[in-house]
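Q: I have a model open and would like to learn how to read its features one at a time. Could you walk me through it?

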Amino acid sequence: MPANFGIQTRPGGRFTAGTSTLKQLIADAFEVRDYQIDGGPPWLTTDYFDITANAGADATPADIKAMLRTLLAERFGLRTRSDTRQAPVYVLTIARSDGRLGSRLTRATPECVQQIEQRKSGTAPPKPPSPEAEREQRDRMQSQLKRLSSGDSSTTAPCGSTMMSSRANGASVLLLGGLEFKSLVSRISSEFSAPVVDRTELSGLFDISLEYLSERTINGRATGLDPNSTDPLPPPLIGALQQQLGLKLEKQIGPMPVVIIDAADHPTPD
């Protein structure tokens, strides 16, 4: 299974789109989610491609997106058009009138905030490059995941990271450590395959712990439920958001931008 998706920017303006389907490349290039892409050939989500290109040292993220769109048009013969359709959307708000949040949604610690700021400014101390340090970090992460799967509620995600796990009762467990609120919004959007409008006005960095029954499970797709488990079932995502995080998610019908694929072919050779 491919390990890296999406555009990765390298020094000198070089960028790569690691092993990705055409649908993933289109989503990156046009800054949409996969459910906002319509049409295309049968292999749109089954054939994988590696792309490496050079946009120049002074290229901005917008420049790289534009370059990827040009590359897709020239090499894949991609032709698209934009449209807007009425579709289900979800509106996220704070549930309580007094603005109080749930116990599993808290502000990141000052130490974590400082660490994230140092990373952004490039002043963070370099990580030890030794194989021993890397192995120790992997072992620590694996240990945390085991604790998470066993139901240890004290497990937290490291600052600036995301952890996902599942439990025998079918629960999906999401941990966010020192991340912006939009990371949670993105996860909710992926669960429902629909846009999520954030009206919480929450800003800054947060630590989040959420345990829920995935919408994918409810809709009959593959689950991690152990038939021998005697643990109670977790709440569906909408209920978990309100019970654990103090957030309210409501379904509405609204306009959703879509990208329609009119033509696409396998890429021309190098």
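Predicted model: local features only at pLDDT ≥ 70, side-chain atom pairs only at ≥ 80, totals over all residues.

Q: What share of the residues is buried?
A: Of the 270 residues in the chain, 37% are buried. The accessible surface of the chain comes to about 15500 Å², and carbon and sulfur atoms account for 49% of that area.

Q: What part of the contacts with a separation of 6 or more joins residues 24 or more positions apart?
A: In this chain that part is 72%.

Q: Now the cysteines. How many disulfides does the structure hold?
A: There is 1 disulfide, formed by Cys-112 and Cys-159, with their sulfur atoms 2.0 Å apart. To read its handedness, look at the angle about the S-S bond: here it is 85 degrees, and the link is right-handed.

Q: Which parts of the chain does the pair tie together?
A: Cys-112 belongs to helix α3 (residues 110-121), while Cys-159 sits in the loop between α4 (131-149) and β7 (161-166), so the link joins parts that are 47 residues apart in sequence.

Q: Is Cys-112 buried or exposed?
A: The cut-off for buried is under 20% relative accessible area. Cys-112 has 8% relative accessibility, so it counts as buried.

Q: What should I know about phi before I look at backbone angles?
A: The general idea is that most residues other than glycine have a negative phi. Glu-31 has a positive phi, near 55 degrees, and Glu-201 has a positive phi of about 65 degrees.

Q: Where do Glu-31 and Glu-201 lie?
A: Glu-31 is in the loop between α1 (22-30) and β3 (37-39). Glu-201 is in the loop between β9 (196-198) and β10 (205-213).

Q: Why does Glu-31 count as exposed, and why does Glu-201?
A: Exposed means over 50% relative accessible area. Glu-31 counts as exposed because its relative accessibility is 61%, and Glu-201 because its value is 77%.

Q: Is Gln-36 buried or exposed?
A: Gln-36 lies in the loop between α1 and β3, and its relative accessibility is 10%, so it counts as buried.

Q: Which residues does Gln-36 touch, leaving out those up to four places away in sequence?
A: Gln-36 touches Met-256, Pro-257, Val-258 and Val-259. For Pro-257, look at the backbone oxygen: a polar atom of the Gln-36 side chain lies 2.9 Å from it.

How values were computed: Residues numbered from 1 in each chain as written. Heavy atoms only, no water. Helix = DSSP H or I, 4+ residues; strand = E, 2+ residues; numbered from the N terminus. Buried < 20%, exposed > 50% of the residue type's maximum accessible area, 1.4 Å probe, protein only. Disulfide = S-S within 2.5 Å. Polar contact = N/O pair within 3.5 Å; in protein donor to acceptor, adjacent residues only side chain to side chain. Contact = heavy atoms within 4.5 Å. Areas by Shrake-Rupley, 256 points an atom, 1.4 Å probe, with all protein chains shown as cover.
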